[in-house]
Protein chains: 2
Amino acid sequence: MQKTKAISQQVIKRLPRYYSYLGYLLESGTLRVSSMELAEQMSLTASQIRQDLNHFGCFGQQGYGYNVKVLREEIGRILGLDRTYDMIIIGAGNLGQALANYTKFEDMGFVIKAIFDINLEICGKRIGSCEVKHIDELEAYASGNSIDIAVLTIRSKNCQEVANRLADIHVKAIWNFASFDLRASKGVVVEDVHLSDSLMMLSYSLSNNV
Amino acid sequence: MQKTKAISQQVIKRLPRYYSYLGYLLESGTLRVSSMELAEQMSLTASQIRQDLNHFGCFGQQGYGYNVKVLREEIGRILGLDRTYDMIIIGAGNLGQALANYTKFEDMGFVIKAIFDINLEICGKRIGSCEVKHIDELEAYASGNSIDIAVLTIRSKNCQEVANRLADIHVKAIWNFASFDLRASKGVVVEDVHLSDSLMMLSYSLSNNV
């Protein structure tokens, strides 16, 4: 536990990349990987890779490299992937539905337990394994069920109000797809996924030939 | 044009955030905004905001602030949002379908012209305004149609091969949703959206109480 706490933010941010790539290697039947190969994939030097992995006590063997399965499990443990998380989705539009139907997240331990929407026409419909509930049922649901992560796929103008309601019912983490930056309440972690921003960086590059 | 080229990467990366927030203000009927208000939303200082905006010749008036509409249009121009982009989606699964049905991108000028998939069962089906084509038709389609951006929503193990094919037909930009980091060909811009990474940062925070 001490070891984990000493890891810098920069290294932490690279862990999901390691985890995904190691999963890809595992799927393709690769048992061992060298720091050189990891370096090439991660756009780092082999020495940086070794430093990163030494941080949490994973040492490759000279000439043999790292055991892909063991390394992935260790990184998964640090990332908190050795348990499951109860998720709810707020917003049952196209994006909310796509995320609800995306089985990969559930395979990783992120289990969608409920979906809420404000639109009465969609309430009661089944998406994936959940029936869409009205957003007014949020507090009642929370009183009887655990919620680790709330996924926001609603319009920007409503997201701050919903974020405040989520804080009131002690939801600890928000995965925010609205293009609005939330003012997070104390003790609530927010991860923003600004899809439009990413698209605008592409149009910038295309327009300015960079 | 000279002015645009002198803007640093750090400032460029903030432009989509300005653009989105100004859009939100415009939608809610706000005509003027001060550097203080922008600073609060962007988690920067008012002085940094003024520096950012001065870069491309936008000067707020003391006591009046910035004209929201004019500022947003100017930032949109720099981001290349004063034209439209022809997009194709490769992968007609849940995510590909959600993106194809998401009208906001089209409103911004990113128009989905075609969707491709490898699965014969989904080919011929209509998603949004497009009929899903087989991936083998990609090269023939490209010979008669312009493609500015290709959106990849396919499995990681296939994405490098598809990226190489896209480079061969001179697609200049890839919006990559696969969890695999592409080795981009020269002259091809890649924007990665690693949804799983973002989710893993949440599980890390929840597990380590950060």
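1. pLDDT is the predictor's confidence in each residue, from 0 to 100. In this predicted model, chain A has a mean pLDDT of 90, and 96% of its residues reach 70 or more. Residues 1–5 of chain A are the stretch to treat separately: the pLDDT there is below 50. Beyond near neighbours in sequence, this stretch has 8 contacts in the model (contact means heavy atoms within 4.5 Å). For the complex, the predictor gives an ipTM of 0.91 and a pTM of 0.88.

2. Conventions. Residues are numbered from 1 along each chain as its sequence is written, and chains are lettered from A and ligands numbered from 1 in the order in which they are written. In this predicted model, local features need pLDDT of at least 70, side-chain atom pairs count only at pLDDT 80 or more, and totals for chains, interfaces and linings use all residues, while side-chain values use heavy atoms, with hydrogens and water left out.

3. Symmetry. Chain B superposes on chain A by a rotation of 180° with 0.0 Å of shift along its axis, at an RMSD of 0.0 Å (least squares on the C-alpha atoms of residues with pLDDT of at least 70 in both copies). The two copies are therefore related as by a two-fold rotation axis. Both copies use the same surface: 100% of the contact residues of chain B recur in chain A. In chain B, the residue that comes closest to the rotation axis is B:A98, with its C-alpha at 2.9 Å.

4. Strand β8 (residues 173–176) of chain A. Helices (H or I, at least four residues) and strands (E, at least two) are DSSP runs, numbered from the N terminus. A:A173 and A:W175 point one way from β8(A), A:I174 and A:N176 the other way, and all are buried (under 20% relative accessible area, 1.4 Å probe, protein chains only).

5. Neighbours of β8(A). Strands pair if DSSP finds at least two bridges between them. β7 (residues 149–152) of chain A runs parallel to β8(A), joined by 4 bridges. β9 (residues 189–192) of chain A is also parallel to β8(A), with 4 bridges. A:N176 is the bridge partner of A:L152, and A:N176 stands opposite A:D192 in β9(A).

6. Helix α4 (residues 46–54) of chain B. Which residues of α4(B) are buried? They are B:A46, B:I49, B:D52 and B:L53. These cover an arc of only 120° around the axis, so they lie on the same side of α4(B) (the arc is that of the directions from the helix axis to the C-beta atoms). Their cover includes α2 (9–27), α3 (35–42), β2 (66–67) and α5 (68–78) of chain B.

Technical notes. Buried < 20%, exposed > 50% of the residue type's maximum accessible area, 1.4 Å probe, protein only.
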